[in-house]
Amino acid sequence: MSQAPDSTKEKIALKGFGVPLQDLQSNMQGFDMFSDGLMNPAVPVPDGVVGRDGHPSEKRYGVYRNNVMASLIDAMAANFPAVHDLVGRDYFRALAAEFVRKHPPEQPVLSEFGGKFSEFIGAFPPLADYPYLKDVAALEWAWLRVYHGPNATPVAPDVLSKIDPAKLGDAVFTPIPAHRLIYSRFPLSEIWKQNRSEDVEGITPEADQVILICRPDMDVTLTGLAQDVAAFADLLFFGKTLGEAAEAVSSSYKFFDLSQALGCLLSARVFASVDVKA
Amino acid sequence: MCAQRVNAKLPARGGVGLKADHYHRILNDKPDMGFFEIHAENYMGAGGPPHGYLEAIRRDYPISLHGVGLSIGGADPLNKDHLSRVKDVADRYDPGLFSEHLAWSTHDTEYFNDLLPLPYTEVTLQQVVDHIDEVQTFLGRQMLLENPSAYVIFKESTYEETEFLREIVKRTGCGLLLDVNNVFVSATNSGGSPEDYVDRFPVEHVQEIHLGGHAPETDELGYPLLIDAHDRKVADPVWALYARTIDRTGPQPTLIEWDANIPTWEILAYEAEQADVVIQSHIETQAQASDKRGDHVPSA
């Protein structure tokens with residue numbers, strides 16, 4: 001929309017709108033002013049927003065300030081319960097407030113709010129001594145995406161018995177859409193068990209973990225993967241054939257056990273289909 | 001796709017907001033409840049448990065779809081992606097009604113997650129009308145607009161809220177959702193009379209009523225400042241105002257909103273039953289009055 005020159009004080013009516021441009025601009029300024037203070041308590045109550053005596057009321061405008069910040073912090077606590085429990089309620093609320101101010105949501109679906117939280121935590125100097133928190137946040141975010149991800153029916157774990165063994169090397173594995181891989185230097189599985197009361201299948205509580213998060217039916221499942229199995233899974237998810245993926249992984253991991261790796265991924269039920277490339 | 005669902009139409013009875021805490025109870029016991037209301041934004045994921053539960057519940061109950069994120073009252077253009085996601089939810093669940101708020105929640109690119117107030121002027125009227133036209137055209141259905149709860153007064157307002165709503169209905173053909181707790185909260189906060197508000201409300205366009213609990217506070221001058229908290233039972237004066245409202249609107253689908261400190265199913269269901277009691281009492285009073293007048297009541 002072009003701006004009316006300042007010299008012309010006349011009101012310009014927009015086509016099909018019937019409202020003078022000057023009023024539109026002052027209306028927009030009203031929304032700007034009301035918005036400015038919602039996340040910033042230092043901004044005074046906007047002009048013309050008053051209580052019963054006709055004067056600006058901090059307490060009344062403050063209800064909106066409080067609703068905005070408290071509800072967005074609550075949404076963060078709902079999305080990142082393990083981070084919440086690890087740092088404690090008061091610390092989490094202060095941390096989430098900083099995050100909300102820096103990265104406010106840009107759309108109304110709050111289960112999709114907080115995608116930058118892991119990165120934010122990683123770059124937050126006061127938490128430098130707690131480097132695993134970043135990974136916990138990444139795991140919780142991945143869990144959320146998988147929880148709300150598209151439904152798909154996984155193939156049965158014995159699917160390979162139906163494929164001609166001679167053609168197995170050409171098999172392509174399509175994952176169900178609701179899956180993620182999370183890599184960490186820290187024992188996330190233990191942290192998860194303690195803070196989310198859910199087990200992670202097939203993992204020893206050691207550092208350098210890869211966790212496969214997927215949702216083969218209604219429940220999200222977490223499976224710990226050995227590094228070589230994770231590398232293999234990643235190549236299959238990327239669309240490589242079984243033969244290509246096995247060869248690539250074997251060259252980097254000399255103890256790679258193909259049948260064990262396949263068994264692990266098939267019992268995690270992360271594949272929607274297995275097709276032999278023509 | 002929509003295997004064996006009950007009819008979408010909401011009965012003129014009490015209903016409650018659908019909460020994840022109650023999914024299992026509802027599916028196991030199939031309690032007698034008029035309808036469930038869902039927040040559209042909670043069912044916008046592609047799949048997963050929320051849809052699994054809602055699909056199952058929708059088979060046995062009608063659903064009212066309530067949006068909290070369209071920012072109908074805002075100065076910015078509507079978020080088309082979000083509108084499209086609302087349509088997806090509506091198409092998926094065939095709700096009996098769709099409603100949104102006379103409020104805004106997005107400005108520039110920021111979403112504030114609160115129902116923020118707007119002044120009532122010629123400019124905002126046109127904004128709201130344009131947005132409702134767009135929503136109704138895109139969804140291919142009528143929407144209901146809900147009166148907000150307000151904590152502040154805008155000096156620049158030139159319309160009373162009831163007149164503002166009446167004008168919106170006239171220009172868009174939308175219906176209205178009358179939130180009786182919001183009436184009580186806003187009138188108390190601005191020093192007005194909730195009864196006058198209900199008496200002036202364009203009740204012929206009301207298709208649903210909301211009731212909820214509020215938290216009493218005071219402002220810095222000592223005036224009452226009620227907060228629309230949805231965290232407790234409906235207050236007694238709000239029940240009285242509801243009875244007055246039903247006398248004007250006739251029986252309406254009536255939602256109990258309880259979104260924080262969520263109670264047990266029994267307590268929530270009891271609140272909805274209280275709405276049924278008020279509606280039933282209205283129907284009986286009407287029948288007695290009509291008997292006294294000697295009106296001919298055709299038998300069914």
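Trainee: Which residue forms a salt bridge with E140(A)?
Mentor: This is a predicted model. The closest N and O atoms of the pair are 2.5 Å apart. That is within the 4 Å cut-off for a salt bridge. The partner of E140(A) is R196(A).

Trainee: How many salt bridges are counted between domain 1 of chain A and domain 2 of chain A?
Mentor: Chain A is divided into domain 1 (21-146) and domain 2 (152-276). Across their interface, 3 residue pairs are in polar contact. The salt bridge count is 1.

Trainee: Which helix gives the largest share of the side of domain 1 of chain A that touches domain 2 of chain A?
Mentor: α3 and α6 (132-147) of chain A each supply at least two residues of that side. The largest share is 11 residues. They come from α6(A).

Trainee: How far apart are the end C-alpha atoms of helix α4 (residues 89-102) of chain A?
Mentor: The helix has 14 residues. At 1.5 Å a residue, it should span 20 Å. The end atoms agree with that, at 20 Å.

Trainee: Is S71(B) buried or exposed?
Mentor: S71(B) lies in the loop between β3 (63-66) and α3 (80-93) of chain B. Its phi is positive, about 60°, although S71(B) is not a glycine. Its relative accessibility is 8%, so S71(B) counts as buried.

Key
Residues numbered from 1 in each chain as written. Chains lettered and ligands numbered in written order. Predicted model: local features only at pLDDT ≥ 70, side-chain atom pairs only at ≥ 80, totals over all residues. Heavy atoms only, no water. Helix = DSSP H or I, 4+ residues; strand = E, 2+ residues; numbered from the N terminus. Expected span 1.5 Å × (residues − 1). Buried < 20%, exposed > 50% of the residue type's maximum accessible area, 1.4 Å probe, protein only. Domains from an automatic or database assignment. Salt bridge = Lys/Arg side-chain N within 4 Å of Asp/Glu carboxyl O. Polar contact = N/O pair within 3.5 Å; in protein donor to acceptor, adjacent residues only side chain to side chain.
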